[in-house]
There are 2 protein chains.
Amino acid sequence: MRTRPLKVALLGCGVVGSEVARIMTTHADDLAARIGAPVELAGVAVRRPSKVREGIDPELITTDATALVKRGDIDVVIEVIGGVEPARTLITTAFEHGASVVSANKALLAQDGAALHAAAQEHGRDLYYEAAVAGAIPLIRPLRESLAGDKVNRVLGIVNGTTNFILDKMDTSGAGYSEALDEATALGYAEADPTADVEGFDAAAKAAILAGIAFHTRVRLDDVYREGMTEVTAADFASAKRMGCTIKLLAICERAADGGSVTARVHPAMIPLSHPLASVRGAYNAVFVESEAAGQLMFYGPGAGGSPTASAVLGDLVAVCRNRLNDATGPGDSAYTQLPVSPMGDVVTRYHISLDVADKPGVLAQVATVFAEHGVSIDTVRQQGRDVHSGTEGASAEGGGRREGGEASLVVVTHRAPDAALSGTVEALRQLDTVRGVASIMRVEGE
Amino acid sequence: MRTRPLKVALLGCGVVGSEVARIMTTHADDLAARIGAPVELAGVAVRRPSKVREGIDPELITTDATALVKRGDIDVVIEVIGGVEPARTLITTAFEHGASVVSANKALLAQDGAALHAAAQEHGRDLYYEAAVAGAIPLIRPLRESLAGDKVNRVLGIVNGTTNFILDKMDTSGAGYSEALDEATALGYAEADPTADVEGFDAAAKAAILAGIAFHTRVRLDDVYREGMTEVTAADFASAKRMGCTIKLLAICERAADGGSVTARVHPAMIPLSHPLASVRGAYNAVFVESEAAGQLMFYGPGAGGSPTASAVLGDLVAVCRNRLNDATGPGDSAYTQLPVSPMGDVVTRYHISLDVADKPGVLAQVATVFAEHGVSIDTVRQQGRDVHSGTEGASAEGGGRREGGEASLVVVTHRAPDAALSGTVEALRQLDTVRGVASIMRVEGE
């Protein structure tokens, strides 16, 4: 084994960074054995140098991250600051000064992955980022390396633990969104400002990264269609249950049937209870991968948290250090297919639509006509009479058991159709006099 | 991209080999883009050269595998023959003649992994074998690379599709073992001679490989404790259901609590229905990994079959070819911890024991005394009176509702204890006059 240590600079020492530093110290012998040389923490860049950081030599602490990455003797920079700047500039500077980089920065990778990969390649260095997607779950490496001889057609995953915790809570307890969010916040699963999670921005960044790697093409954050999950209601869960489904916030990356384009999207969707993703509980993540030869694979585990994310960072650190010793680089960017990213309208999926309609004869015929005119085939219709005066609800055949001026609820589940045709259908339904309102629209996936 | 192709020799052209050859041909452009150079099938060694092999140039077919690996211009040898010889000699010869090797051979790797790794290292070549364990499921690479910065404490998996199919069938249909085996055979899930699967030899080889990689130590097939699943009965499933469990054939690799040794074993066990492994259906495989920092991860997918296994082989082929181009090697053998493998008696686990006992006062006290004498703590006891004359069964408090000369059934579930203490307890129970028989013993895992 080489005795001269590889030098590591750590940028950021929060929940993840402090755990990385701790494991580097407590498991130094194991890491050395696996790498073939010792690794030494050569500097830790932080914003608040006065904070006591147990187990870290105060001499290593600096507020000047730029000077640290410019030192010239750093072999690997670990970036766990997050956000686009200053992370982007620091990573680029690190490459320029001969370091390889391990990052957990999904937002940056989703926005500027191509430029960062180019910088790494220009300087003959590695850029690894297993921790950027689904925390500890090995996903980037399996997609990039294990499935390198296969053709991935679909990636379908729960990649945000906060929203999965909230949706799981709504599912199991019948709670509404706000109540479930409050509990997630109280338990530390949601941040004080939960926007990035509940509006799907976090999941969208991960979808962009996964789609790019899975399909060997360029997918940026802006290419990802995004809907949050703040409007999912207890009534939606009741509808889902009636269909033998539950509701998850899914990141879905697909190759089009003709192979000529890809799509990436994040939105809440109903999935059958029999689907492996349906039983992913609490803040866990899971990603389902469908490929031509391997078939259906699933990867499951904790998607966030200091320790799990540190595990992923350190796995990358070992690989990058081994590459340094071998004077080699691992698999870098792969965007050779240059497949275009199609807009959401081209996605082929199914809809579950709840309509409040006038409870009188002919309504179903009108509604069915609108679907037919938009080329959307109906799978099932369920009709429920609802007396607006008493608020009671009961099954009613069209034109039977209703009361003048009453409302009925019509639930339509479609066959697969382009999303544009489906949204056109909904738009037209809203124009019908007999349709009082569109109570909910949700896509149905995983069948 | 380099234009001179890397040359690949394929040893074996059965279900897996023919699929490897097919994908190499149909996806040649993708493979070239991912590797950075084209790959060329330079020879295919088979036993029956007269067999028509669609899509393979007959000029490439040879029966002389030794001459093929000795050619000197082969960059990578893919070995999908299986069995120990001639595969072992061919792989060693391949290294001697400058080739790297991708193998799917679990039996060989479990028996001679150390020697083969040493040969690879001696000649500066790679030995990859993702396909040897759990087919298409990325498992070797995640354990070896993604978790390289973490400490794995436990690997618990369903790694044999045939036995999972049989047990799943018994669970869902109430069928007995023979009936379920017949169905597995008819559907092609079980071979004409199912011994390797149902007696746990196949799973034991995989457990040896997984334990070695997970704990960075040497674990050979002979170190793995093994019990088959041919004696699992419908009654066992009924007992499992009463406990909220099902029965799976598990491969379990564990680091001892004191960290000073490891164990590896294969046997049927009850696991709670709430455990992610409980819902693995049909011939699917799944492996649960517990590590210090990452926590609980699960990997799920098809564990066998031509296409899935070929996917794993080709992923390795891409990695090995990239290493050849970089003039580097990937992570090789890692056995630096040199942890001893403890015998089964040292494993700490729980037992579910069904006893046929005389239905008279004092039996429970006698039985409980035997457990106490062996230091095994009882978790729960369930007692059921059984009138041997009528065959009816019903709950009976000890000493109440029974008939002179009748039998009762006593089900004991223990707390965790060393396996040696548990088997000592069972041995002593057999000696009791009041114990007419030990109907079943099964370990309880995954809690």
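**Contacts between chain B and chain A**

Reader: How many residue pairs are in polar contact between chain B and chain A?

Author: This is a predicted model. Counting pairs in which both residues reach pLDDT 80 or more, the number in polar contact between chain B and chain A is 22.

Reader: Which element gives the most residues to the side of chain B that touches chain A?

Author: Elements of chain B that give two or more residues to this side are α2 (28-35), α6 (140-146), β12 (295-302) and α12 (306-326). The greatest share, eight residues, comes from α12(B).

Reader: How many nonpolar residues are on the side of chain B that touches chain A?

Author: The contact takes 45 residues from chain B and 45 residues from chain A. On the chain B side, 13 residues are polar and nine are charged, while the nonpolar ones number 23.

Reader: What area is buried between chain B and chain A?

Author: Carbon and sulfur atoms give 54% of this area. The total is about 3,800 Å².

Reader: Which residue of chain A forms a salt bridge with Arg141(B)?

Author: Two salt bridges are counted between chain B and chain A. In the one formed by Arg141(B), the closest N and O atoms are 3.6 Å apart, and the partner is Glu145(A).

Note on methods: Residues numbered from 1 in each chain as written. Chains lettered and ligands numbered in written order. Predicted model: local features only at pLDDT ≥ 70, side-chain atom pairs only at ≥ 80, totals over all residues. Heavy atoms only, no water. Contact = heavy atoms within 4.5 Å. Buried area = accessible area lost by both parts, 1.4 Å probe. Salt bridge = Lys/Arg side-chain N within 4 Å of Asp/Glu carboxyl O. Polar contact = N/O pair within 3.5 Å; in protein donor to acceptor, adjacent residues only side chain to side chain. Helix = DSSP H or I, 4+ residues; strand = E, 2+ residues; numbered from the N terminus. Nonpolar A, V, L, I, M, F, W, Y, C, P; charged D, E, K, R; others polar.
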